[in-house]
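Thanks for asking me to look this one over.

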Amino acid sequence: MGRAIILVMDSFGIGGAPDAPQYNDNGANTLGNIAKQNLGLNIPNLVSLGLAKAAEEACGYAPKLGLQDRPKLSFTAKYGHAKEISRAKDTTSGHWEIAGVPVLKEWGYFPKKYPSFPAELIAKICERANIEGILGNKAASGTEIIKELGEEHIKTGKPIFYTSVDSCLQIAAHEKYFGLQKLYDLCQIAFEEVKPYRIARIIARPFVGEHPQDFVRTGNRHDYSVSPFETTILDKIKNAGNQVIAIGKISDIYAGQGVTKKVLANGLEELWDKTLSEIKTAPDNSLIFTNFVDFDMLYGHRRDVKGYARALEYFDRRLSEIADVLQDDDIVFITADHGNDPTYVGTDHTREQVPIIMFGRKVKPENIGQRNTFADVAQTLAEFFEVEPFEYGKSFL
């Protein structure tokens, strides 16, 4: 039996979410609006797998991609587009739904206005962590708040607390002056203390540099996430005695649940290198699962349209290398967890449909059309691995 590979292009929406107006995201379309910028977006391998057709069906118009190079990937694919039924448009909800567990409960959220965090919560965290206080205490861009408060943080030793539209509390601290392990310990304390608030994640955001102009976040980010509410496809594959290889932030997103091997990697290049390496050596019946976070973290949230476009082209070029490591019975999924249109107002995720693409040497071409939940991926994997099916989703194997 073959292996399955999931490639999550974090934030790569294709528009057309029917409930987008409820999230004030009417018209958001990550792919479509990038393509409109006339940046010469050249993604022939993704197009050959059906991405442009899926995007057109999702939002009602074809992305203006222009002339594409000849694709180097020669596989045929099943392609479609999926709506999200989870109530939120965050990383955790999207990934859990992909894995068969839609988040139909309400997360807790901290207000975006100062002060974001309850005084009693901060007091408990500071007391347990033996720190004198915090900086920030508001919703902010992660890169901007370290520019704003990084020097004060170094002088005072107070960590920077901030939140976003997601259900999270993020803590930024300098690796040299505060210490990486001290930051991790602080986040663990915060994770324990926010449980009554139903918060999905505490995120450690270490940074380096000596002055605001050269402060930069490092690859030592770590997410402290609640465990999935139900059994995911990762659990079912692991419980069947197979390997589940989590690359990048995947293990953190599922709180390590269902993971047999965690592979650290940062940046598109390293994530691709590690993914291809793991595919080469993974045994039969394995799941290799990678999150490509740069689309979201570096380009979507920062509203960097050109950067997002160039990252898509890089992903597309590397995608062709997968042909060299696939076995005859392997299947590959390309999808996303939410949108983050870099042309849209604000800096938050956008409610969009996502592409659902499956290809492999034995996969026959098919337009699988509208999928009513991201959980169709998990249901397809359940059939592929011959494990118990899920309550949500419909297989397209």
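1. How to read the values. This is a predicted model, in which local features need pLDDT of at least 70 and side-chain atom pairs count only at pLDDT 80 or more, while totals for chains, interfaces and linings use all residues. Residues are numbered from 1 along each chain as its sequence is written, and side-chain values use heavy atoms, with hydrogens and water left out. Helices (DSSP runs of H or I, at least four residues) and strands (runs of E, at least two) are numbered from the N terminus.

2. Look for Asp-341 in the loop between β12 (331–335) and β13 (354–359). Asp-341 has a relative accessible area of 0% and is therefore buried; the classes are buried under 20%, exposed over 50% and partly exposed in between, with a 1.4 Å probe and protein chains only. Not counting residues up to four places away in sequence, Asp-341 touches Gly-27, Ala-28, Asn-29, Thr-30, Asn-33, Arg-303, Thr-350 and Glu-352, where contact means heavy atoms within 4.5 Å. Its side chain also makes a polar contact of 2.7 Å with the side chain of Thr-343. The term covers a pair of N or O atoms within 3.5 Å; within protein, one must be able to donate a hydrogen and the other to accept it, and residues adjacent in sequence count only if both atoms are side-chain atoms.

3. Asn-33, a partner of Asp-341. Asn-33 sits in helix α1 (residues 30–35). Its relative accessibility is 10%, so Asn-33 counts as buried. Apart from neighbours within four places in sequence, Asn-33 contacts Gly-27, Ala-28, Tyr-61, Asp-341 and Thr-343.

4. Thr-347, in the β12–β13 loop. Thr-347 is also placed in the loop between β12 and β13. Is Thr-347 buried or partly exposed? At 38% relative accessibility, Thr-347 counts as partly exposed. Thr-347 and Arg-303 are 44 residues apart in sequence, yet their C-alpha atoms are 6.6 Å apart in space. With neighbours within four places in sequence set aside, the contacts of Thr-347 are His-301, Arg-303 and Asn-340.

5. Helices α10 and α12. Two packed helices are described by the angle between their axes and the distance between the axes. For α10 (residues 267–281) and α12 (residues 305–319), the axes come within 11 Å and cross at roughly 20 degrees, so α10 is roughly parallel to α12. Axes are lines fitted to C-alpha atoms, for helices over the stretch in contact, and angles run from 0 to 180 degrees between N-to-C directions. Under 35 degrees counts as roughly parallel, over 145 as roughly antiparallel, 65 to 115 as roughly perpendicular and the rest as oblique. From α10, Leu-268, Glu-269, Trp-272, Asp-273 and Leu-276 meet Ala-311, Tyr-314, Phe-315, Arg-318 and Leu-319 of α12. These contact residues divide into 7 nonpolar, no polar and 3 charged. Here Ala, Val, Leu, Ile, Met, Phe, Trp, Tyr, Cys and Pro count as nonpolar, Asp, Glu, Lys and Arg as charged, and the others, Gly among them, as polar.

6. Helices α5 and α7. The axes of α5 (residues 119–129) and α7 (residues 175–193) come within 10 Å and cross at roughly 140 degrees, which means that α5 is oblique to α7. Leu-121, Lys-124, Ile-125, Arg-128 and Ala-129 in α5 meet Leu-186, Ile-189, Ala-190, Glu-192 and Glu-193 in α7. The contact of α5 with α7 has 6 nonpolar, no polar and 4 charged residues.

7. Helix α13 and what follows. In α13 (residues 376–385), 9 of the 10 residues are buried, so the helix is largely enclosed by the rest of the structure. Among the buried residues are Val-377, Leu-381, Phe-384 and Phe-385. Just after α13, Glu-386 has a positive phi of about 55 degrees, although Glu-386 is not a glycine. At 70% relative accessibility, Glu-386 counts as exposed.

8. Tyr-114 and Pro-115 are joined by a cis peptide bond, with omega about -10 degrees. Pro-115 lies in the loop between α4 (91–98) and α5. Asn-285 has a positive phi, near 70 degrees, in a residue other than glycine, and is located in the loop between α10 and β11 (287–292).
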